[in-house]
Amino acid sequence: MLSQHFRKNFWIGLSLLCGGMASFTFSIHLTIVPYLSSRGLLNPLLSNLLYTSSVAAITVYFYLFAYVFCISGVWFGVIRKRKNTILITIALFIPAACLLGNHLLNEPPNIFIINSFRWWDGFYFILGCCLYFASYLLEKEAEARRSKRRIAFLFSAAILWAFSTDFLGFKTLRLEEWQFQLESNNAWKNNVFVVLGLVVTIVYFTLKYGFLGIKLRIERERLNSSMRALTLGVSILNHSIKNEIQKISYLAEKTGDYIHSGQSAKSQQTLEQVQTVANHLLNMVSRIKDKADDIALEERELDINELISSVTSPLKPQLEGRGIVLQELIESKGRLRCDPTHLKETLSNLLQNALDVMPERNGSLSIHVYTGNKHLLINVADNGCGIPKEQHSKIFEPFYTTKKNTLSFGLGLSYCASVMQKHNGSIRILESEPGKGTVIGLSFPLNRFTTASKANRYFDWNPFSTARRINRF
């Protein structure tokens, strides 16, 4: 899908192209054709092609330039919702299309009576200028506001001059092969000075805010990036500590209950799990750098069973306390070359997120490990509240969260995505239905996995119902 920034630039570029069509037409008549003719290069076929091109170009200028400029103002940012922008683009095209259709059907294509469309074009031009200025006035970010201000003033000045000379100043234009008859006030002959002034202005802005200021901007952006990375790194560390403390708190509570009830064996078991969580947290603290985007992997081969067990064991007392059923389906046994600390933290994040959105009772949680044609896949599925489709593309972005908890920073899944990227893998939402649950999949290149058996099976397990044999990846 095309980005908003691309669409804005597309319409601005298209308006500049359409705005140059009149100059293109007169250049053909006044410069190109005389040059070719004087050198005997103007044969009938080329002459007809150039004449048709000149008529088409001036038609675009008179009937579509104003509309395109107006729409460039629509896409410049004053209207936030893409759906509304598209509807306005279509609605404003109707009058322009009707005027163009009337010209092509009822008038000679080479004769232009300016009065028949002058005020419609004026409406489009004025509306476009207003939209550019509205976008500038509504912009909150200082640098973007200054940029929009320059564009709004520059474009509006050029457009108002073009309208006054070529639309108000023209009465009729008749293009022949190779001459033209123009009724006007001749103000258009000064266009060369206006164009020269615009070029000088553009060059000035380019030198001031572009090439000469680029080093300053790069340094500023680098500093801003470093500060964002520093903040992100600290926040991810806070996020990891929060998750592990929740586990320790729950395990400590269960240990106390076991001690009071005389179940010394179980209390010893939960204390061992507390020690496991604490060791993982200490390792995590020592491994997080001051920049979140500088995750450095310390890889070794890790048994898949050991990986899954290390992240599910500390959660089992909590699962039992809430009556949540955990399924571990390890279809592909073997060893994965990975960073154990970061990968365990990634899976812990996914499991904790699942627990946060699952019902207090009758919950269902699963981890499924299997191989595809080119990947090892680990799916984490739950029967929680699900994720709305419109949020699927956002949940892996830093600081985006749907949780109401003020302790949630929206960094867990962003961290998971970074870890998977470092492993040359990916993380995706495979399924999510509001009210039914979510399946999130981790995908690793198969060359990272050493299978314990060559009898691999390719199927996909649907946690919402029964198993179905499909390879998602």
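These legends go with several close-up views of a predicted model.

**View 1. The whole protein, before we zoom in.** Here you have 14 helices and 13 strands in one protein. Of its 473 residues, 42% are buried. Take the contacts between residues at least 6 apart in sequence: 74% of them join residues at least 24 apart. The protein exposes about 25000 Å², with carbon and sulfur atoms supplying 60% of that.

**View 2. Inside the largest nonpolar core.** This core has 46 residues, and the ones touching the most other members are Ile58, Tyr61, Phe62, Tyr67, Phe69, Phe112 and Phe125. Helix 4 gives the largest share, with 11 residues.

**View 3. Isoleucine 58 and its contacts.** Set aside the neighbours within four places in sequence, and isoleucine 58 is in contact with Ala22, Thr25, Phe112, Leu173 and Leu175. Elsewhere there's a second, separate core of 35 residues, and Ile304, Leu351, Ile367 and Val369 are among them.

**View 4. A cis peptide bond at tryptophan 178.** Look at the link from glutamate 177 to tryptophan 178: this peptide bond is cis, and its omega is near 10°. Tryptophan 178 sits in the loop that runs between strand 2 (170-176) and strand 3 (179-184).

View 5. The strands line up in the order 4-6-11, with antiparallel pairing. On average, neighbouring strands here are turned by 25° against each other, direction ignored. Zoom in on strand 6 (residues 334-338) and you'll find 3 bridges to strand 11 in the antiparallel sense. Arginine 335, for instance, has threonine 450 of strand 11 as its bridge partner.

**View 6. Helix 11 lying across the sheet.** Helix 11 (residues 304-312) lies across strand 4, strand 6 and strand 11. Against strand 4, helix 11 runs at about 75°.

**View 7. Asparagine 424 and its positive phi.** Asparagine 424 isn't a glycine, yet its phi is positive, at about 60°. You'll find asparagine 424 in the loop between helix 14 (412-422) and strand 9 (426-433). Is asparagine 424 buried or exposed? Asparagine 424 counts as exposed because its relative accessibility is 59%, and the cut-off for exposed is over 50%.

Note on methods. Residues numbered from 1 in each chain as written. Predicted model: local features only at pLDDT ≥ 70, side-chain atom pairs only at ≥ 80, totals over all residues. Heavy atoms only, no water. Helix = DSSP H or I, 4+ residues; strand = E, 2+ residues; numbered from the N terminus. Buried < 20%, exposed > 50% of the residue type's maximum accessible area, 1.4 Å probe, protein only. Contact = heavy atoms within 4.5 Å. Areas by Shrake-Rupley, 256 points an atom, 1.4 Å probe, with all protein chains shown as cover. Core = buried A, V, L, I, M, F, W, Y, C linked by side-chain atoms within 4.5 Å. Pairing = 2+ DSSP bridges. Axes fitted to C-alpha atoms, helices over the stretch in contact; angles between N-to-C directions.
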